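This briefing covers the charged contacts, the surface and the confidence scores of the structure shown below.

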Amino acid sequence: MNLLPGNVMHFARILRRLGLHTGPGQTVLALDALTHIDIGRREDVYWALHALFVNRHAQSEMFRLAFDRFWRAPEGADASALIDEAQKPLPSPAPSPLSRRIADAFAELSPQLNANDDAPAEPPAADITASWSASERLRGQDFETMSAAEMAEAKRLMAKLRLPMPEVRTRRFAPAAHGPRIDLRATLKAALATGDLVHLKRKSPARRHPPLVVMCDISGSMAAYARMLLHFLHAITNDRDRVHVFLFGTRLTNVTRELQHRDPDVALARVGRTVRDWSGGTRIGVALEEFNRLWSRRVLGQGAVTLLITDGLDRDAGTGLDIEMQRLHRSCRRLIWLNPLLRYAGFEPKSAGIRAMLPHVDEFRPVHNLDSLAALVAALSTVTQACRAFPAVAA
Amino acid sequence: MAAHPVPTSIDQAAELLRAGGYVADRALATSLFLALTMQRPLFLEGEAGVGKTEIAKVLAATLGRDLIRLQCYEGLDVASAVYEWNYPRQIMAIRLAEAAGKAGDAAQGIYSEQYLIKRPLLQALEKHAGGPPVLLIDELDRTDEPFEAFLLEVLSDFQVTIPELGPVKADQPPIVIITSNRTREIHDALKRRCLYHWVDYPNADRERAILKSKAPGVADRLSAQIVGFVQNLRGMELFKPPGIAETIDWATALTALNAKELDAATVDATLGVVLKYQDDIARVRGDVAADTIAAAKKAAG
């Protein structure tokens, strides 16, 4: 009996548990693919399955680990070894084999698994820790679950949120009664339907929100706001398309995928597990550098507005911050800084970090009592003098 | 070049690319072979300048097929990607019919193929003399999500629907190559219909082979040093590490300057060919460049 289909299916299932998007369709295609190649060549089998099961670069490493573990055959093994391997039934077919296997896979792979899906394959976290782990505090975070009332309130507030980022004109057109251009296609169609009289149909450029990239500080000095900010970030991620969210303290983590879960409690729990530098120090310069190098081209591409939420208290005293802020500022449509530092009466921009950052933001939004989602939404939605001073952006 | 047959094994796929002057690794050859065999689009992702577009061009040339290129940009719509009606001609036809007193007939006639302007996607579904064409959908990440969603229909059924004419379906599906520079994530639904391949920077051996094939005038010694230097740059966490295109340009530039080997002055003067961001140039110019040259020379022997 040919056990290969079963094994490919099990392999696909393991990959799915590891976060790859391998549906039954892929499994069928993979089996088809294997009929076209020499399955005696491990390398060919590897790349054939890779082409079908992997669909983003960051998954490659996970795939490699899973492949090596599942299709365990010595490097350079000849045909029979692999085929034998593929023909063997899974170790113990009955009660718990699959789940245990997956549990094993999870146990072995969990560090990678918990790392962000989109994270680049190079080892970002380890390097940073190694360079100065002495005072870095790594820990997960548990959040109180959200009550139904809170959820309703969040929804209501999101509807009210007006970010200081006007919609931009796209290059697409939409029908509009008094648009500046004539829609020839619609005009001709209408003319054919009605007969003699030709009514000119018009169209005008469609408008949409630019993409939004949020970078949010989760260091010790911002700890009091963490839950509220995450609720905000969750709401905004699910409220509109093209939102990317990064959290940073001593390192930078992309939590967009985690936040995309509809249920805020599940999303926050995932974020709490994924991010390892809750309530530690802040290294804004390092975080921005990493963002600029690894992410800016991937998420700022289409004229994104960047919202930076931080108190600007930088452990590195602003080292390297100036250059990175400049670069960030140049790469995005608009850079908005929301600063909750004003909770201290008599705030002055004294900290080196703040002084390095201030010259490079388009808009500075200090918030006094950032104690609720409502205050945050209000702070972001106020139309300020500064916002009106940029008609060019609004147009 | 005589047209090659469609490869029937991975080795032949690799050979096909090699015949077109493209030095591919086994992974790419496997993905390409499967894409051709299973008639699925090949989705190529990778940094700028690693030779994604080139794959489609080489494929068209070696297989003797037409290359149809759809360059994506923001706001790309059906009118510029698939088809558009030739409105001036349609209006003219109606006027002529009116003048002849046969306005009623014109209404039926103006939505026929002679008033249709075919754009790349529609062209790709038509019959081509040399066999199904190579359809290159270049830099898909530059379009927006609605266009991606539209592509889903085209790529799964190789069919587009023109409301006035009905569906147009390809007899034989074209060979589809999609490239993305990853300036945004392409939706999984689209990727699922494709075979995915990440085009990485080549290792030193392959990069030397590429240089030999693409810039044959460059001496081996210089070529080895250039590759060593560029490979070092890629490990430096630059804002934009140089791609293969830059390596080839640089080799050509150095040869034009009659350089026999890398030296600090020439490298400093030509760094702009390799690095395209001022921050990166400022960082590498001077001491770092000198160290890298020394390392590259040592490695090149």
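K118(B) is partly exposed at a relative accessible area of 25%, where partly exposed lies between buried (under 20% relative accessible area) and exposed (over 50%), computed with a 1.4 Å probe and protein chains only. Its side chain meets that of E126(B) in a salt bridge of 2.6 Å, N to O; a salt bridge is a side-chain nitrogen of Lys or Arg within 4 Å of a carboxyl oxygen of Asp or Glu. E126(B) also counts as partly exposed, at 32% relative accessibility.

This is a predicted model, in which local features need pLDDT of at least 70 and side-chain atom pairs count only at pLDDT 80 or more, while totals for chains, interfaces and linings use all residues. Residues are numbered from 1 along each chain as its sequence is written, chains are lettered from A and ligands numbered from 1 in the order in which they are written, and side-chain values use heavy atoms, without hydrogens and water.

**Salt bridges in chain A**

- D68(A) and R42(A) form a salt bridge through their side chains, at 3.3 Å from N to O.
- This pair links distant parts of the chain, 26 residues apart: D68(A) belongs to helix 4 (residues 59-70) and R42(A) to helix 3 (residues 42-53) of chain A. Helices (H or I, at least four residues) and strands (E, at least two) are DSSP runs, numbered from the N terminus.
- D68(A) is partly exposed, with a relative accessible area of 34%, whereas R42(A) is buried, at 12%.
- A salt bridge of 2.7 Å, N to O, joins the side chains of R64(A) and E61(A).
- Both R64(A) and E61(A) lie in helix 4 of chain A, three residues apart, which is about one turn of the helix.
- R64(A) is partly exposed at 33% relative accessibility, and E61(A) is partly exposed at 31%.

**Salt bridges over all chains**

- The structure holds 38 salt bridges over all chains.
- A network of salt bridges links R56(A), R257(A) and R298(A) with E45(B), E185(B), D188(B) and K191(B).

**Nonpolar surface**

- I182(A), L184(A), V198(A), L200(A) and I91(B) form a nonpolar patch on the surface, with about 400 Å² of accessible area together.
- Patches are made of residues with over 30% relative accessible area and no salt bridge, with like charges joined within 9 Å and nonpolar side chains (Val, Leu, Ile, Met, Phe, Trp, Tyr) within 5 Å.
- Accessible areas come from the Shrake-Rupley method with a 1.4 Å probe; for residues, only the protein chains shown count as cover.
- L200(A) lies in the loop between helix 9 (184-194) and strand 3 (202-208) of chain A.

**Confidence**

- Chain B averages a pLDDT of 91, and 98% of the residues score at least 70; pLDDT is the predictor's confidence in each residue, from 0 to 100.
- The predictor gives the complex an ipTM of 0.84 and a pTM of 0.79.
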